[in-house]
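In these notebook entries I record what I looked up about helix packing and the surroundings of a ligand. The sequence and the structure come first.

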Amino acid sequence: MEGIRNFFDGNKKSVFLLLGLIISIYSISELSVESILGVLKIIMYSVISFTVFCVGHFIIKAEKEILSDKKNAKEKGTEESNNKSLILFNTIKSKNMYYNERENESIRKLISLLSEENYREIQKRLDERKMRNGFTCLFIGGPGTGKTETAYQIARLTGRNIMAVDIAETKSMWFGESERKIKETFDTYREAVNNSKITPILLFNEADGVISKRLELNSSSRAIDRAENGIQNIILQEIENLTGILIATTNLAQNMDKAFERRFLYRINFDMPCEQGRKSIWNTLLPELPVELVTDLSGKFDLSGGQIENIARKINIDTILTGCVTKDTMMQYCEDEIQSSFITPKRIGFEAEAFLSA
Ligand SMILES: Nc1ncnc2c1ncn2[C@@H]1O[C@H](COP(=O)(O)OP(=O)(O)O)[C@@H](O)[C@H]1O
Ligand SMILES: [Mg+2]
């Protein structure tokens, strides 16, 4: 008895298999030939249907993969084409900017208003009160006073990407398919606002051509003037209906179209830096300069941040080439910058052409 139990414990699987086999043989022997054929048929149809199911499953899976590949490629494509003008906030380098007291206050306020928490609150409130919720800012100031850089730093600090509109490109379109293109720009921005968690900034850099006074048209007006006015009217309308954040920068203090002036909620005037500001900019850009030299340069030359940056670049290049730069050379560079600022061409378009053909 003990021996049988041991055998059973050691060969449990085989015993059950054997039992199953005996029962199957017995039941098959009890079946008629027709029933056996019936069972075989059922098995055959099951195998066929399983095969069909598997083939179908693989076809659907492959199709899905192809579609998703196509979708990814398409998405990548649109992103790339939009990326032409999209600047991601986390790619903007931090820069120390120095402002005069009044500017500083306005810029701090703007950064605070555009911080996500405050911005959402503002949007909510304006929506509740059925007010237009577009956040429009205009930075006015001479060249090199830090308007564009400030827009970039605001984007960086508030975590917002920038959709930059190339005004020179827009201008060249005025004589062609301009209206469609400008509408397209605003449509793309609208889409970006709808698809982004954090509202991006629409940047109209050097928007002089866009916001300057519209021409008075009469029956003898040129087609070009009509086209320019047409574009400005579209932009006015789009700004009026804007949902999102627009920052426009301009050198134009006068000759701004009144209708545009009204549409900017915040206007910040960028002045030339004061002596203390110039000192800080010199120190930031060329930290190795001795204190007395910085004091001297800042006191003597009324330069903008952009001009100081140009000089700092030249000094850095000279240092690489010659090992050192004398005080006289630096003074000369400052003189040159001041001189060149007096011969700034009036129209940006012409300047670009002259530069290209030179
Ligand atoms: N207020 C400033 N503080 C520090 N750097 C400045 C300032 N203004 C201009 N700069 C320097 O000059 C560069 C060019 O300025 P930018 O913003 O292009 O001038 P704008 O757009 O007014 O012509 C900046 O990248 C920065 O290095
Ligand atoms: Mg600029």
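**Conventions.** I worked with a predicted model, in which local features need pLDDT of at least 70 and side-chain atom pairs count only at pLDDT 80 or more, whereas totals for chains, interfaces and linings use all residues. Residues are numbered from 1 along each chain as its sequence is written, and chains are lettered from A and ligands numbered from 1 in the order in which they are written.

**Entry 1: ligand 1.** I looked up the residues around ligand 1 and found 18, of which Gly146, Lys147, Thr148, Glu149 and Gly305 come nearest. A residue counts as near if its C-beta atom, placed from the backbone, lies within 6 Å of the molecule. Helix H6 (147-158) and H14 are the elements that give two or more residues to this shell. Helices are DSSP runs (H or I, at least four residues), numbered from the N terminus. By class, I noted six nonpolar, eight polar and four charged residues in the shell. Here Ala, Val, Leu, Ile, Met, Phe, Trp, Tyr, Cys and Pro count as nonpolar, Asp, Glu, Lys and Arg as charged, and the others, Gly among them, as polar. Ligand 1 lies between domain 1 (86-270) and domain 2 (275-357), because both give residues to its shell. The domain bounds come from an automatic or database domain assignment.

**Entry 2: H12 and H14.** I then turned to helix packing. Two packed helices are described by the angle between their axes and the distance between the axes. The axes are lines fitted to C-alpha atoms over the stretch in contact, and angles run from 0 to 180 degrees between N-to-C directions. For H12 and H14 I found an angle of about 30° and axes 10 Å apart. H12 is therefore roughly parallel to H14; angles under 35 degrees count as roughly parallel, over 145 as roughly antiparallel, 65 to 115 as roughly perpendicular and the rest as oblique. Arg278, Ile281, Trp282 and Leu285 of H12 make the contact with Gly305, Ile308, Glu309 and Ala312 of H14. Residues are in contact if their C-beta atoms, placed from the backbone, lie within 7 Å.

**Entry 3: H12 and H13.** The axes of H12 (residues 275-285) and H13 (residues 291-300) come within 9 Å and cross at roughly 135°. H12 is thus oblique to H13. On the H12 side I listed Glu275, Arg278, Lys279, Trp282 and Asn283, which meet Val294, Thr295, Leu297, Ser298 and Gly299 in H13.

**Entry 4: H14 and H15.** H14 (residues 305-322) and H15 (residues 327-342) have axes that come within 10 Å and cross at roughly 140°. I recorded this pair as oblique too.

Notes
Two residues are in contact if their C-beta atoms, placed from the backbone, lie within 7 Å.
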